[in-house]
Amino acid sequence: SLSTRSYQQQQHHVKKRIQSNPHLNRQQQQQQQQQQIILSNTPQCYFSTDTADKKNESHSKEENEDDDMMKSYRNTILSNSLPHVHEHGWTQDALSQGILASNLPISYLGLMECGGYDLVGYFMDQCDERLEQELLQQSQLLQKQQSQQQQQQEQQSTNRY
């Protein structure tokens with residue numbers, strides 16, 4: 001997921017590229033300026049699904065438990081919203097359907113600070129987690145196979161003598 005920091009770095013990079021390249025023709029400059037406008041209008045929480053993780057260290061145990069509970073509700077809503085993306089797109093409507101599917105009050109829509117962006121970010125986070133798990137499993141399988149091959153080679157070399 002893109003964090004606010006990487007978002008700001010990307011925005012700065014585009015601005016710097018526009019300013020530092022005198023050889024751009026007018027059309028290229030306009031395209032890059034439009035890209036800058038799009039970036040500047042993108043919500044700061046773009047693809048950030050970990051707002052509940054940003055806890056103030058002075059929070060009490062009860063406040064931290066409340067934050068955890070809200071994060072749990074938020075993840076449940078986002079998870080239940082994904083099946084509705086096909087029909088409603090990455091929108092508040094899909095989130096509303098996810099809330100209804102979660103049997104939670106519609107007022108919980110307020111947990112989604114950036115609406116559809118939260119849903120996209122959640123989806124990307126889920127894809128990243130699945131990919132990471134799959135790569136880990138494949139790595140472990142490969143290590144196991146290499147270990148077995150090494151043991152077979154050692155057995156073969158000891159059987160020769």
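**Aromatic pairs and helix packing**

In the predicted model, F123 is partly exposed, with a relative accessible area of 33%.

The overall architecture is helical: the protein contains six helices and zero strands. Along the sequence the elements follow the pattern α-α-α-α-α-α. Of the 161 residues in the protein, 24% are buried. Among contacts with a separation of 6 or more, 56% are accounted for by residues 24 or more positions apart.

Two aromatic pairs are present in the structure. In one of them, the ring centres of Y73 and Y108 are 5.2 Å apart and the ring planes stand at 65°; because this angle is over 60 degrees, the pair is classed as edge-to-face. Y73 is located in helix α3 (residues 61–81), whereas Y108 occupies the loop between α5 (92–101) and α6 (116–160), so the pair ties together parts of the protein that are 35 residues apart in sequence. Y73 has a relative accessibility of 25% and therefore counts as partly exposed.

W90 is partly exposed, at a relative accessible area of 39%.

Helix α6 comprises 45 residues and extends 66 Å from its first C-alpha to its last, close to the 66 Å expected at 1.5 Å a residue. The buried residues in α6 are G116, D118, L119, V120, G121, Y122, D125 and Q126. The cover over these buried positions includes α3, α4 and α5.

The packing of α3 against α6 was examined next. Two packed helices are described by the angle between their axes and the distance between the axes. The axes of α3 and α6 come within 10 Å of each other and cross at roughly 85°. Since this angle falls in the range from 65 to 115 degrees, α3 is roughly perpendicular to α6. On the α3 side the contact involves R74, N75, L78, S79 and S81, which meet D118, L119 and Y122 of α6. By class, this contact has three nonpolar, three polar and two charged residues. D118, L119 and Y122 are also among the buried residues of α6.

S96, situated in helix α5, has a relative accessible area of 17%, which is under the 20% limit, and so counts as buried. With neighbours within four places in sequence set aside, S96 is in contact with I106 and L109. In the loop between α5 and α6, which contains N103, a backbone feature is found: phi of N103 is near 55°, a positive value in a residue other than glycine. N103 has a relative accessible area of 71% and, because this is over 50%, is classed as exposed. The loop between α5 and α6 also contains Y108, the partner of Y73 in the edge-to-face pair.

Definitions and conventions
Residues numbered from 1 in each chain as written. Predicted model: local features only at pLDDT ≥ 70, side-chain atom pairs only at ≥ 80, totals over all residues. Heavy atoms only, no water. Phe/Tyr/Trp six-rings, centres within 6.5 Å; stacked < 30°, edge-to-face > 60°. Helix = DSSP H or I, 4+ residues; strand = E, 2+ residues; numbered from the N terminus. Buried < 20%, exposed > 50% of the residue type's maximum accessible area, 1.4 Å probe, protein only. Expected span 1.5 Å × (residues − 1). Contact = heavy atoms within 4.5 Å. Axes fitted to C-alpha atoms, helices over the stretch in contact; angles between N-to-C directions. Parallel < 35°, antiparallel > 145°, perpendicular 65-115°, else oblique. Nonpolar A, V, L, I, M, F, W, Y, C, P; charged D, E, K, R; others polar.
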